[in-house]
Every structure is written in structure tokens, then in C-alpha cells.
Amino acid sequence: MKLVIDNTCYAYKEIFDCFGEITAIAGRDINASSVKDADVLIVRSRTQVNQALLSGSQVKFVGSTVVGLDHVDQDYLKAKGTQFFSAQGCNSMAVAEFVISTIVNLANELNFNYQKKTLGIIGVGNVGTRLAEKSKLMGIKTLLNDPPRQMHESLDNFVDLNTALSADIVTFHTPLTVDGKHPSYQLLNENNFHHITNKTILFNAARGGVIKEAIWQKHKTLANIIDCWEDEPNINPSLQNTAYLATPHIAGHSVDAKFMGSFIVYKALCAFLGEKEDKNIRNLINSGELSIDGGNLKDTLNEIYDFQQDANAIKDINNFEDYRRNYPIRYEWHHFKSKTALPIA
Ligand SMILES: NC(=O)C1=CN([C@@H]2O[C@H](COP(=O)(O)OP(=O)(O)OC[C@H]3O[C@@H](n4cnc5c(N)ncnc54)[C@H](O)[C@@H]3O)[C@@H](O)[C@H]2O)C=CC1
Ligand SMILES: O=C(O)C(=O)[C@H](O)COP(=O)(O)O
């Protein structure tokens with residue numbers, strides 16, 4: 001069997017070589033000729049999976065080792081009879097830790113008590129739920145907004161979008177969608193940006209395009225944290241230069257998340273092929289016990305991982321993609337034995 005795999009898929013050799021011959025290619029370089037003889041295609045977000053890529057191929061299984069789905073034409077795959085599997089939830093802890101770590105740093109630098117702040121979470125799926133759990137542990141009051149869930153579940157504690165946008169801290173964790181009943185494209189735009197004030201801390205660690213950058217760059221906030229950008233890697237220099245934290249789409253890039261992305265797709269491929277799973281694969285991440293003694297929460301979190309280094313790495317935005325492809329090892333909090341209690345929900 002022939003597999004074409006994005007060469008940034010975590011441990012792709014150890015995890016997928018049991019299935020056959022692997023051709024590993026940078027995600028952005030996977031094209032129609034790369035996949036024409038392939039049976040399996042395994043990607044991350046940098047490969048557009050659509051008719052242009054697959055029409056001349058015999059690919060029968062596509063695995064996406066990330067969570068976002070905007071790079072995949074699922075309707076086309078379904079019509080073609082190609083099995084598709086996406087590693088939903090693989091990196092939710094990593095993103096939640098990114099947001100909490102940044103809030104703790106901001107509270108220190110801007111001298112506020114986050115327990116006196118409200119956090120508006122727009123999109124309460126895997127990431128938003130974990131973030132809400134951590135916020136509860138930290139005594140941060142959350143305002144939860146998720147109309148698609150509200151349509152199907154009785155969520156009497158959820159609020160409407162404008163209420164969530166009026167929180168002290170606002171963070172988006174929706175997919176990027178342009179159709180359906182609740183499209184997320186430019187969810188924050190010229191018609192509702194007035195809910196964001198010069199006292200609002202505003203995050204985008206969801207997808208570029210969820211917040212209209214042309215408006216954002218002209219709108220005064222207390223602090224902007226931008227991990228996901230319109231037109232990556234050609235990110236908005238005005239927003240980058242004025243951001244509290246401008247990072248290269250790495251909120252979900254913990255080692256654990258990258259491993260889980262590959263592992264979840266591996267399990268789906270085993271099931272698709274009727275193959276037995278190798279139980280040793282789950283032990284590929286073995287950090288051992290990591291002790292840390294930061295003294296206080298901010299220093300402890302920054303010793304675990306300081307996101308400012310990611311912002312520094314892309315001061316020259318030509319480094320955006322290379323830095324992401326060679327991202328430093330970042331373990332999630334649960335690996336660490338720490339004197340300071342960590343909000344591990
Ligand atoms: N910056 C990064 O590295 C990462 C970014 N992401 C992005 O974050 C998104 C969320 O990730 P998960 O929570 O794992 O996905 P998920 O699918 O579990 O949750 C998304 C939630 O957003 C809700 N939603 C959809 N449209 C909405 C709207 N218009 N308004 C409010 N809520 C809406 C859905 O109902 C769902 O509950 C992903 O789709 C991906 O685009 C995810 C992981 C890493
Ligand atoms: O899971 C998602 O969705 C993300 O945004 C991932 O962080 C994308 O990871 P890469 O494809 O950029 O490695």
C-alpha cells in the first residue's frame with residue numbers, strides 16, 4: 001500500500017510505516033501528482049483536500065491529524081466514496097493552556113486580578129469546554145456562546161453573542177465556516193465590534209477570518225492575542241506589531257496534541273483496514289516526570305513554556321512556516337510535578 005503523509009505529522013514513520021510505503025512531503029507541497037498512485041493520504045491543515053488534489057487519484061482513505069476542517073472538501077470526499085477521518089479534539093488541551101497561560105501573564109503585566117474578570121468563550125466545543133473548566137478552577141467567570149449547540153441542547157446558562165462580546169476577555173474557538181445557520185466567517189465585524197472596548201482583551205486562536213482584521217486593526221482594545229490570521233503566512237503587520245502576543249498558529253502545537261492527532265488517525269486507519277492496533281504506539285510520548293518550581297503560577301507556566309518565544313521567532317514573518325514546521329517541544333501541563341497548583345481540569 002502507498003501512503004502520502006504531511007512530513008510534520010508527529011512520528012509518522014513509527015506510527016504509519018506498518019501500513020506500507022510512505023512518501024513524506026511538506027503539507028503545502030502535496031499536489032495531484034504526489035497522490036496520483038497513493039492509497040492513503042494523511043494531512044495536517046496545510047494541504048487543501050479537494051477535487052483538484054484527488055480527482056486523478058485512487059486514494060481511498062484521507063486522515064486529517066488536526067481539528068479544523070476548512071482545508072477539506074468533505075462533500076467531495078463523500079461523493080467520491082473516499083473515507084475521511086479527522087482527529088477531533090486532539091489539541092483542545094493545548095489551546096486551552098495557551099489561553100490560560102496568556103491570561104495569567106497579562107494579569108501580571110497589566111496588574112489585574114483575573115478572578116474579577118469575565119471571559120467570553122465563543123465556540124464551546126472541545127477547546128471551549130476545556131477552557132471553561134480551567135477558568136472555573138481559577139475562579140474566572142465565563143460567558144459561554146454556542147448557537148449551534150444551543151439549537152440541539154438545552155443550555156440555559158449559555159448567552160447570546162453580544163453578551164459574550166461584552167466580556168472583559170473575549171476568545172473565539174469556532175471552526176471557520178461560511179455557510180449553514182451560524183457561519184463563523186467574520187463573526188466579529190463592523191456591525192458588532194462596538195461591543196469590544198478599549199478595556200477588552202481579545203483572542204483569536206480559532207481561525208483567521210473569524211474576526212474581520214480590517215476592522216480589528218483600527219479598533220482600540222486593551223490587548224490583542226492573535227494566533228490565527230487571515231492569509232497565513234502573510235500576516236497583518238499592523239496587528240502583529242501592536243499585539244500583546246502575535247504567534248504563528250501554534251496554540252494547538254503541544255507534543256501531546258501532535259501525537260494525539262497522528263494516533264487518532266492511526267486508530268481510524270486500522271479500523272478502516274481491519275488491522276490490529278499496535279498497543280506500544282500509545283507509549284511514544286514518554287517525557288518521564290518533569291519537575292518544575294516556578295514559585296508562582298505565571299513563572300511556573302512560563303517555565304513550562306513561554307509563548308513569547310513564539311512571537312519573537314516570527315518578528316521576521318519569513319520564519320512563519322519554517323518555525324511552525326520545526327516547533328519546539330512543548331509538553332502539556334499534566335507531565336509536570338509542580339509546587340504551584342496548576343489548573344489541570
Ligand atoms: N490555533 C490552533 O492551533 C488551533 C485552532 N483550532 C480551531 O479551533 C476550532 C475549535 O476547535 P474545537 O473546540 O476542537 O472544535 P469543536 O468542533 O469541538 O468545537 C467548535 C464549537 O464551535 C461551535 N460553533 C460553530 N459555529 C459557531 C458560531 N457561529 N458561533 C458560536 N459557536 C459556534 C460549534 O457548535 C462547536 O461546539 C477548530 O475548528 C479550529 O479551527 C483548533 C485547534 C488548534
Ligand atoms: O487543529 C487545528 O485546526 C489547527 O489549527 C492546528 O494547530 C493546525 O496545525 P498545522 O496543520 O498547522 O500543523
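Leaving aside its neighbours within four places in sequence, with which residues is Asp310 in contact? In this predicted model, local features require pLDDT of at least 70 and side-chain atom pairs pLDDT 80 or more, whereas totals for chains, interfaces and linings use all residues. Residues are numbered from 1 along each chain as its sequence is written, and side-chain values use heavy atoms, without hydrogens and water.

Beyond the excluded neighbours, Asp310 is in contact (heavy atoms within 4.5 Å) with Thr247, Pro248, Ile250, Tyr305, Tyr323 and Tyr327. The side chains of Asp310 and Tyr323 form a polar contact of 2.4 Å; such a contact is a pair of N or O atoms within 3.5 Å, in which, within protein, one must be able to donate a hydrogen and the other to accept it, and residues adjacent in sequence count only if both atoms are side-chain atoms.

Tyr244 is located in the loop between helix 10 (237-242) and strand 11. Tyr244 counts as partly exposed because its relative accessibility is 21%; buried denotes under 20% relative accessible area, exposed over 50%, and partly exposed the range in between (1.4 Å probe, protein chains only). A side-chain polar contact of 3.0 Å links Tyr244 to Glu109. Tyr244 and Ala311 are separated by 67 residues in sequence and by 9.4 Å in space, C-alpha to C-alpha.

Conventions:
Chains are lettered from A and ligands numbered from 1 in the order in which they are written. Helices (H or I, at least four residues) and strands (E, at least two) are DSSP runs, numbered from the N terminus.
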